[in-house]
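Visitor: I would like to learn how to read a protein model, one feature at a time. Please show it to me first.

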Amino acid sequence: MVGMIRGIAFSQTEMNDKDRRKAAFQEAGRLFARDDREGWLEDQQMTICRMLEKAFEAGLLAARNNPEFTLHSKSSMRLTDSDIPALARKVIEVLRLVIAGRPHTLEDLLFHFHEPATADSSSPRVGGRWLSLKHKTFPGPFSDRVVRTLIELGLFSEVDDFADTGKECAGVSEWGYELIHTGFTNRQDQRSAGASLTYVEYEALWPVKTDRLSPSRAKTAR
């Protein structure tokens, strides 16, 4: 299949919106890497040319049919991968590999803080790592600084103890879950609990009687 990518399409709706456009291009890059890795592409240069041509044609159509079309968003309501610091973005990318399009459970979204013994008692969190509550190695471990960045962005939430495990736990929030699955989510000042596009799927992961990583339980980042 010379110069063809399975699943690539750019819609007029995506071209009309800066954040959707960015997410569509990120997905195109992911599909290109997948097909190249699996040996579907015989001519990478021609494939890139066709991708650019498709994006250009969709952009022209959007501009023709929408007199208010602009390359710049009129508001910054959405948060995308590119708005997240590099190390924190890597966590989102890793989690996307684990859960997006794959069967997953609540425990796949949860991590606990492991603090090794240190000689410097004045800096008790130095060297600490966040480990998967379900898996021993992957995904993670993640540094405390990176996880706290995600907490500050509202993409993770933290609780002192989850389901009586006795461990300090944190996990993907409603908005982090949406970002992982769609490539974008609302910014913090534009969020309303239960309003994400993936809320139903996220809610279904939670046992009825289990403590939740909800705004009422979430702690502010230290």
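Visitor: How many helices and strands does the chain have?

Guide: This is a predicted model. Its chain has seven helices and seven strands. In sequence order they follow the pattern α-α-α-β-α-β-β-β-α-β-β-α-β-α.

Visitor: What share of the residues is buried?

Guide: A residue counts as buried when its relative accessible area is under 20%. In this chain of 222 residues, 38% are buried. The surface can be described too: the chain exposes about 12,600 Å², and carbon and sulfur atoms supply 54% of that area.

Visitor: What share of the contacts joins residues 24 or more positions apart?

Guide: Take the contacts in the chain with a separation of 6 or more; residues 24 or more positions apart account for 60% of them.

Visitor: How should I read the pairing of strands? Which strand pairs with β2?

Guide: In a regular strand, side chains alternate between the two faces of the sheet. Here, β2 (residues 110-114) pairs with β3 (residues 129-132) in the antiparallel sense, over four bridges.

Visitor: Which strand is joined to β3 by two bridges?

Guide: That is β4 (residues 142-143), and β3 and β4 run antiparallel. To locate this pairing, look for W130, which stands opposite F142 in β4.

Visitor: Now a helix. Is α6 largely enclosed or largely open?

Guide: Count its buried residues. Helix α6 covers residues 174-182, and seven of these nine residues are buried, so the helix is largely enclosed by the rest of the structure. The buried ones are E174, W175, G176, Y177, E178, L179 and I180.

Visitor: What do the buried residues of α6 pack against?

Guide: They pack against both strands and helices: β1 (78-80), β6 (169-172) and β7 (184-186), together with α4 (86-99) and α7 (199-204). Just after α6 comes G183, which takes a positive phi of about 90°.

Visitor: How many salt bridges are there?

Guide: A salt bridge is counted when a side-chain nitrogen of Lys or Arg lies within 4 Å of a carboxyl oxygen of Asp or Glu. By this rule there are six. One of them joins the side chains of R34 and D35, with N to O at 2.8 Å. D35 is buried, with a relative accessible area of 0%.

Visitor: Which residue forms a salt bridge with D81?

Guide: The partner of D81 is R96, and their closest N and O atoms are 2.7 Å apart. D81 sits in the loop between β1 and α4 and R96 in helix α4, so the pair ties together parts that are 15 residues apart in sequence. D81 is buried, at 6% relative accessibility.

Visitor: Where do D83 and R187 lie?

Guide: D83 and R187 form a salt bridge, with the closest N and O atoms 3.4 Å apart. D83 is in the loop between β1 and α4, R187 is in the loop between β7 and α7, and this pair links distant parts of the chain, 104 residues apart. D83 is partly exposed, with a relative accessible area of 32%. R187 also counts as partly exposed, at 25% relative accessibility.

Visitor: Which residues are linked in a network of salt bridges?

Guide: Those are D144, R148 and E168.

Terms used
Residues numbered from 1 in each chain as written. Predicted model: local features only at pLDDT ≥ 70, side-chain atom pairs only at ≥ 80, totals over all residues. Heavy atoms only, no water. Buried < 20%, exposed > 50% of the residue type's maximum accessible area, 1.4 Å probe, protein only. Contact = heavy atoms within 4.5 Å. Areas by Shrake-Rupley, 256 points an atom, 1.4 Å probe, with all protein chains shown as cover. Pairing = 2+ DSSP bridges.
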